[in-house]
Structure formats: C-alpha cells, structure tokens
Amino acid sequence: METARSAERQRTAAESRRRELLEAADRVVLRDGPHASMNAIAAEAGITKPILYRHFGDKGGLYRALATRHTDALLSALRAALDAPADRRRRVESTLETYLAAIEARPQVYRFLMHPADGAADASPADASSAEQGFDVGRHSAPLLRRLGEELGRVIAERVDLGPDSERTARIWGHGIVGMMHAAGDWWLGDRPCSREQLVRALADLLWGRLAEAGDLRGGPGF
C-alpha cells in the first residue's frame, strides 16, 4: 500500500511540474510568438534544455501539450457559445465570434500553434541531430484542426436534422466550418481588412443557407 501511495505522490508531483513547465512555455510564447525556442522556455522555467526534453521529448512534444491545453480551452468556450440561450442565427454568430475573439486576444499563441518558426533556429551547427531540426508545422497543426472539426461535427450531429446520412453530413460540415474559420481568421488577423463584427456577419451569411432550413434533431438539445 505504501508503494502505491508513493507512486501516486510521484505521479501528482510530475503532473504539477508539467503544468508549471507549460505555464512557463505559455509566458515565452506570449512574448516571442512563433519564435519561442526550447532554450528560452527552459530558461524561463529555470531548468536546462535536456530536462525540458525529459518532460516533453522534443519541440513537437511540447507543441502538442500546448496545443491540447489551448484547444481544450477553446472547445469549452465554443460549447458555451453553442449552448447559449439564443436563436440559431445568434448562436452561429456567437460561435464565430468566440473563435475570432480567441485568436485576436492571444495572437502570439495562435501564431505559435499555426505558424511556428523552423526549429533549426534553435540548433547549433554542431548539433545537426537536434530534436528541433525540421519541425514540421503542418504535421503538428493538422491534428489540432481535425480535433476542432470532429468536435464541431459531433455537436451539429447531436442537434440538427440534416436528413438522410445526417451524421456524415454533420461531420463534413464540422470540418468545413473549422477550415473556413481558420482560413478566414488567419487572413483577417494578418491583414485586418474589416472589423471582427463585419467578418462574423459575412461568415454567418455564408453558413446560413441550409442551416436556416434544417430542423432540430428530435430529442436533441436543439441548435
């Protein structure tokens, strides 16, 4: 029993330490954006880079941990927008608004997750085998977008009657909406061609066609 308690204490301590390291990484990302380096994160946490690697493996492991942390928070906010007591059009607008407001509030975090700089900047010429060499943004950011698409598709499937093959259509819509939000939000965050409110209305207009005509799924929570 004592062995089990000791193992539990070690697990709890490791989880606490991991949270502390992720908070340190967040501080560096907020400061440096896509150029946040493992060296800078280790320094912020008061440890050496090998110790940081011990917790996350490499820059990809740290990236995935940060992506999960921020995606969980974004999904929670999106669910709250979808569950708000309002008509369907307003909830569509609120969902778009929530996503755009999130990337606008923390643009450096967004850029780190979607446009991280080449990890080779962290590696010295003598360390050509560094785990940060060749960090592939597409390989790491695609799962984040897929997760958002799957979650949104699941919500649509639970709420909206899209007729025959409704579940598959809802999944298609989920991924399509996330792709649209990501592409439009990325462009808007960089160029700022219009206000956030104007972008929300325009995207909601684009989505509104069949969604306006579809009924709520019988027995579902409604949309």
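On a 1 Å grid over the protein atoms alone, a pocket is an open set of points with protein on both sides within 12 Å along at least five of seven lines, a cavity is a set of points where a 1.4 Å probe fits but cannot get out, and lining residues have an atom within 4 Å of a point. Grid points are joined across faces, edges and corners, and a volume is the space filled by probe spheres set on the points. This is a predicted model, in which local features need pLDDT of at least 70 and side-chain atom pairs count only at pLDDT 80 or more, while totals for chains, interfaces and linings use all residues. Residues are numbered from 1 along each chain as its sequence is written, and side-chain values use heavy atoms, with hydrogens and water left out.

**Largest pocket**
- The largest pocket holds about 330 Å³ of space, and among its 14 lining residues His70, Leu74, Ala102, Val109 and Leu113 lie nearest the centre.

**Cavities**
- The whole structure contains 2 cavities of 30 Å³ or more, and the second largest cavity has a volume of about 100 Å³.
- Residues that line this second largest cavity include Leu75, Arg79, Glu151 and Met181.

**Helices α5 and α9**
- The axes (lines fitted to C-alpha atoms, for helices over the stretch in contact, with angles from 0 to 180 degrees between N-to-C directions) of α5 and α9 come within 9 Å and cross at roughly 140°.
- Helices here are DSSP runs (H or I, at least four residues), numbered from the N terminus.
- Angles under 35 degrees count as roughly parallel, over 145 as roughly antiparallel, 65 to 115 as roughly perpendicular and the rest as oblique, and α5 and α9 are therefore oblique to each other.

Definitions and conventions
Helices (H or I, at least four residues) and strands (E, at least two) are DSSP runs, numbered from the N terminus.
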